[in-house]
Amino acid sequence: MWPAAVFTLCSLGLSAQTRPAFEAASVRPSKSDAPASSLFPLGPGDAYTPGSLFSAVNQPLIAYLRFAYKLGQGDLLDLPAWVYSDRFDIEARAEGNPTKDQMRLMMRSLLVSRFKVAAHTESRPRPVFDLVLATRGKTGPSLQPHGPDETCSATPSVPQLPQIPCGSLGQIAASAPGRGRLGGRAVIISRIAGILTNPFTGVDRPVEDRTGLTGTFDFNFEWSLTRDSAAPPDPRQSPSLPEDTGPGFLEALREQLGLKLVSSKAPVDVLVIDRVERPGEN
């Protein structure tokens, strides 16, 4: 019996209620040599092409698990090797025009019925960072409220933020090699906190929003990858480049967004995978 696998949960809640299911679904071992593909990204992000069809080709089961439970790349322990190596094609059709999160719930039902996935959640104390205001009652120049009447066709309210869709955030092009840059428009602070945890920034534990800020914000900040970030240097950068004198990650977070990270501990909901089996024939 293999040990249970533990995942840190993202924002999609787990409910004991009956979950929705696809109207029809096909699960087959992949026989294609083509690169893995899907109709939309299978990670925890919100990018989504609306429609009733879920279609993914040559994906390992771990990709479908991450999609279904809105998981990132970390906190995976002791799943059977085939979950990472065996590839599957899944095509399924839903009723109506579901949201991406509704698609995730339908995928959970499919994983239970075809892969016999059994899982439960536990709350465990984990090291975290609290995201707080560096100065009480004040944000930085590159973190500004997105006005209720402001459209995303208007000029962004923060310096040098490109025109990106409302509700979107992520990595954007930096102003120079050897730098990292994140930005977003009309997003809540908890989403900004969530994106700070990734190898790109070097933040290696969950970040909890403790700013007390409400509403949506536009933000944009940039930092040197060679300064105080825990992220490894970008191997694509030429070693002959001069050392970047720009701010490090923590300094940029404080100076540009008016935020800082404080070490803490908090109960974190984790998903424990108790059982998974290879699927039978359709």
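This is a predicted model: local features need pLDDT of at least 70, side-chain atom pairs count only at pLDDT 80 or more; totals for chains, interfaces and linings use all residues.
Biologist: OK, how many salt bridges turn up in the whole structure?

Modeller: The search finds seven, a salt bridge being a side-chain nitrogen of Lys or Arg within 4 Å of a carboxyl oxygen of Asp or Glu. One of them joins the side chains of aspartate 101 and arginine 104, at 3.1 Å from N to O.

Biologist: Where do those two sit, aspartate 101 and arginine 104?

Modeller: Both are in helix H3 (residues 100-115), and because they are three residues apart there, about one helical turn separates them. Helices (H or I, at least four residues) and strands (E, at least two) are DSSP runs, numbered from the N terminus.

Biologist: And is arginine 104 buried or exposed?

Modeller: Arginine 104 is buried, with a relative accessible area of 0%, whereas aspartate 101 is partly exposed at 29%. Here buried means under 20% relative accessible area, exposed means over 50%, and partly exposed lies in between, computed with a 1.4 Å probe on protein chains only.

Biologist: Which residue does glutamate 222 pair with?

Modeller: Glutamate 222 forms a salt bridge with arginine 179, with the closest N and O atoms 2.9 Å apart. Glutamate 222 belongs to strand S11 (residues 217-224) and arginine 179 to strand S9 (residues 179-187), so this pair ties together parts that are 43 residues apart in sequence. Glutamate 222 counts as buried at 12% relative accessibility, and arginine 179 as partly exposed at 26%.

Biologist: Switching to H1, how many of its residues are buried?

Modeller: Nine of the nine residues of helix H1 (residues 61-69) are buried, so the helix is largely enclosed by the rest of the structure. Among them are Leu61, Tyr64, Arg66 and Tyr69. Just after H1, lysine 70 takes a positive phi of about 55°.

Biologist: Which residues of the largest nonpolar core touch the most other members?

Modeller: Of its 32 residues, those are Phe54, Leu61, Tyr64, Leu65 and Met107. A nonpolar core is a set of buried Ala, Val, Leu, Ile, Met, Phe, Trp, Tyr and Cys residues joined through side-chain atoms within 4.5 Å. The largest share of this core, eight residues, comes from H1.

Biologist: What does phenylalanine 54 touch?

Modeller: Leaving aside residues up to four places away in sequence, its contacts (heavy atoms within 4.5 Å) include Phe22, Tyr64, Phe67, Met103 and Met107. Apart from that core lies another, of 24 residues, among them Leu133, Ala193, Phe217 and Leu253.

Biologist: Last one, where is threonine 211?

Modeller: Threonine 211 is placed in the loop between strand S10 (207-209) and S11, and it is buried, with a relative accessible area of 11%. Its side chain is joined to that of aspartate 209 by a polar contact of 2.7 Å. A polar contact is a pair of N or O atoms within 3.5 Å; within protein, one must be able to donate a hydrogen and the other to accept it, and residues adjacent in sequence count only if both atoms are side-chain atoms. Not counting residues up to four places away in sequence, threonine 211 touches Leu131, Val132, Leu133, Ile189 and Leu259.

Notes:
Residues are numbered from 1 along each chain as its sequence is written. Side-chain values use heavy atoms; hydrogens and water are left out.
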